Structure formats: structure tokens, C-alpha cells
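Subject: Handing over a predicted structure

Dear colleague,

I am passing a structure on to you, and my notes on what was found in it follow below. Please read them with the model open beside you.

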Amino acid sequence: MIDLLKNSGLEPEQLEYTEIVGQCANDLLTIINDILDLSQIEAGRLSLAEEEFQLRESLNSVVKLLRVRADQKGLQITWEVSPNLPDRVCGDGLRFRQIFTNLLGNAIKFTLSGVIHVNVAECKDSAHFCCKVIDSGIGVEDTVSERIFEAFFQADGTHRRRFGGTGLGLTISRQLVGIMGGQIGMYNNKPGPGSTFWFQLPLGGLKDEKLALPETKC
Ligand SMILES: Nc1ncnc2c1ncn2[C@@H]1O[C@H](COP(=O)(O)OP(=O)(O)OP(=O)(O)O)[C@@H](O)[C@H]1O
Ligand SMILES: [Mg+2]
């Protein structure tokens with residue numbers, strides 16, 4: 001309805017107000033979805049799909065979507081996927097994109113200038129792949145580098161006001177990665193500014209069979 005309204009020949013000022021209403025509705029939807037995800041995970045009711053998904057295409061779709069936000073801030077996004085990795089991976093493609101969106105979204109949000117680089121490569125064990133999001137942003141104090149994965153925790157009391165958000169993205173990402181049999185973490189870049197957030201997932205399947213759908217394609 002908001003989109004229809006925007007295209008109904010509004011005056012510039014009315015259009016601006018309508019865009020703000022649209023943005024607020026989207027922000028609210030994100031918060032509701034995050035809270036629902038967390039409740040579902042905590043209730044042990046999250047079902048993950050076990051399907052084949054296109055790794056490069058999935059990464060590309062997220063980068064394409066978030067590039068708009070990066071462009072608005074004058075940030076450059078570069079990304080590379082190791083040629084050793086297969087195109088098709090087995091797991092839950094939607095949840096993979098959700099985790100990657102959270103990390104890349106954070107990198108854009110907490111970087112004021114510079115470059116964000118995404119690197120996806122095979123792990124040494126050949127059974128997992130690792131996705132790294134390297135930013136040149138504000139970084140995270142060592143004292144809170146573990147706490148930022150807790151629900152509603154933000155590294156600094158001013159972050160909500162300065163950058164927005166509720167402090168749920170990393171909590172949900174950590175829970176999802178755990179259920180999928182992977183790991184997630186972060187470290188501050190040294191030398192140089194910013195931080196690197198990474199997660200590892202199995203290339204071939206899900207760890208917890210109970211949480212996967214009974215009918216699987218791979
Ligand atoms: N790339 C980053 N650089 C610096 N600080 C970060 C980065 N990513 C996360 N943080 C810190 O970790 C906190 C928690 O991140 P998380 O994604 O859970 O919440 P959020 O981004 O604040 O809100 P939400 O994801 O719910 O919209 C952030 O508020 C911020 O303080
Ligand atoms: Mg976030």
C-alpha cells in the first residue's frame with residue numbers, strides 16, 4: 001500500500017513522509033522477525049531445510065541487496081570465493097543468507113569509511129567452508145568481544161541511538177550456525193582498523209538430524 005501511495009503523484013514533501021513511513025514499517029518487520037526467530041530457536045522448534053543451494057549465487061544476491069546501503073555511505077564491497085569450493089552446497093540456503101546478511105549488514109553499519117571485503121574459502125578439514133566479512137570500521141573492544149553475541153547486547157550504550165538495531169542479529173546468527181553444526185566468531189584486525197566476523201559451516205549437510213526436515217533432497 002505504501003508503494004502504491006508513493007506512485008500516486010504525491011508532492012515532494014508528502015513523498016518524503018511516505019518513504020519514512022515505509023522505512024519504519026520495514027524496520028518494525030525486521031524486529032518482529034528477529035524476535036520470532038529467537039523465540040522459535042529457544043523453543044527448539046526451528047526446522048532447517050536440507051537442500052542444495054547455490055553458494056556463489058546466494059552470496060551474490062546478498063551483496064547485491066546490501067550494496068545499495070554501502071553505496072549510500074560511500075563504502076566499497078569486494079568479495080571472492082575460492083575456486084576450490086563447489087557451486088552447490090548442502091544445507092539451508094535461506095538461513096545461510098540470513099547469517100551472511102547479518103554480518104555484512106553489521107559491517108556496513110559499523111564502518112564509516114573504507115572497504116568491506118568478503119572472503120569465502122574451504123577450511124583445512126575440507127568438510128567445512130569459512131565465510132569472513134572483513135571491515136575497516138569501528139571495531140569491538142576486547143572486553144566485550146564475546147558479549148556481543150548475547151541477546152540485546154550492544155558493544156556501546158550509544159550504538160542503538162547512533163546506528164540503530166536491537167542487538168539480536170549476532171545472537172540469532174550464533175544460534176543458527178550452532179544448529180547447522182558450524183562455528184562463528186570475530187577478531188579485531190591487526191594491524192589496521194576494523195574487525196573480521198567469520199562463520200564456518202559444513203559443506204555437506206546438517207549436524208542435528210532432528211532439526212532437519214524429514215524429506216531431504218541431498
Ligand atoms: N562489524 C562490526 N563492527 C563493530 N561492532 C560490531 C560489528 N558487528 C557487531 N558489532 C557490535 O556488536 C553488537 C551486536 O551486534 P548485533 O548484530 O547482534 O546487533 P545490532 O546490529 O546492534 O542490532 P540488530 O542486528 O538486531 O539490528 C552491535 O550493536 C555492535 O556494538
Ligand atoms: Mg546487526
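Let me begin at the ligand, where an oxygen atom of ligand 1 lies 3.0 Å from an N or O atom in the side chain of Thr166, a polar contact in the sense of a pair of N or O atoms within 3.5 Å. A nitrogen atom of ligand 1 is 2.8 Å from an N or O atom in the side chain of Asp135, and a backbone N or O atom of Leu170 is likewise found 2.8 Å from an oxygen atom of ligand 1. Around ligand 1 there are 21 residues, of which Asn106, Lys109, Gln154, His159 and Leu170 come nearest; a residue is counted here if one of its heavy atoms lies within 4 Å of the molecule.

Before going further, please note that this is a predicted model, in which local features need pLDDT of at least 70 and side-chain atom pairs count only at pLDDT 80 or more, while totals for chains, interfaces and linings use all residues. Residues are numbered from 1 along each chain as its sequence is written, chains are lettered from A and ligands numbered from 1 in the order in which they are written, and side-chain values use heavy atoms, with hydrogens and water left out.

Next comes the packing of the helices, which, like the strands, are DSSP runs numbered from the N terminus (helices H or I, at least four residues; strands E, at least two). Two packed helices are described by the angle between their axes and the distance between the axes; the axes are lines fitted to C-alpha atoms, for helices over the stretch in contact, and the angles run from 0 to 180 degrees between N-to-C directions.

Helix α3 (residues 55–72) packs against helix α4 (residues 93–109) at an angle of about 30°, with their axes 10 Å apart. That angle makes α3 roughly parallel to α4, given that angles under 35 degrees count as roughly parallel, over 145 as roughly antiparallel, 65 to 115 as roughly perpendicular and the rest as oblique. The crossing of α3 and α4 is right-handed, and the residues that make the contact include Leu55, Val62 and Leu66 of α3 and Phe96, Phe100 and Leu104 of α4, where contact means heavy atoms within 4.5 Å. The residues of this contact divide into 10 nonpolar, four polar and two charged; Ala, Val, Leu, Ile, Met, Phe, Trp, Tyr, Cys and Pro count as nonpolar, Asp, Glu, Lys and Arg as charged, and the others, Gly among them, as polar.

Helix α4 also packs against α6, at an angle of about 145° and with the axes 10 Å apart. In this contact Arg95, Gln98, Ile99, Asn102, Leu103 and Asn106 of α4 meet Gly169, Leu170, Ile172, Ser173, Leu176 and Val177 of α6, a set made up of six nonpolar, five polar and one charged.

The axes of helix α2 (residues 12–42) and helix α6 (residues 169–179) come within 10 Å and cross at roughly 40°, which makes α2 oblique to α6. Here Asp34, Asp37, Leu38 and Ile41 of α2 meet Thr171, Ile172, Gln175, Leu176 and Ile179 of α6.

Finally, two points concern the backbone in loops. A cis peptide bond joins Lys190 and Pro191, with omega about -5°, and Pro191 lies in the loop between β6 (183–188) and β7 (195–202). Ser126, in the loop between β4 (115–122) and β5 (128–134), has a positive phi of about 65° although it is not a glycine.

Technical notes. A polar contact is a pair of N or O atoms within 3.5 Å; within protein, one must be able to donate a hydrogen and the other to accept it, and residues adjacent in sequence count only if both atoms are side-chain atoms. A crossing is left-handed if the near helix is turned anticlockwise from the far one by less than a right angle, and right-handed if clockwise.
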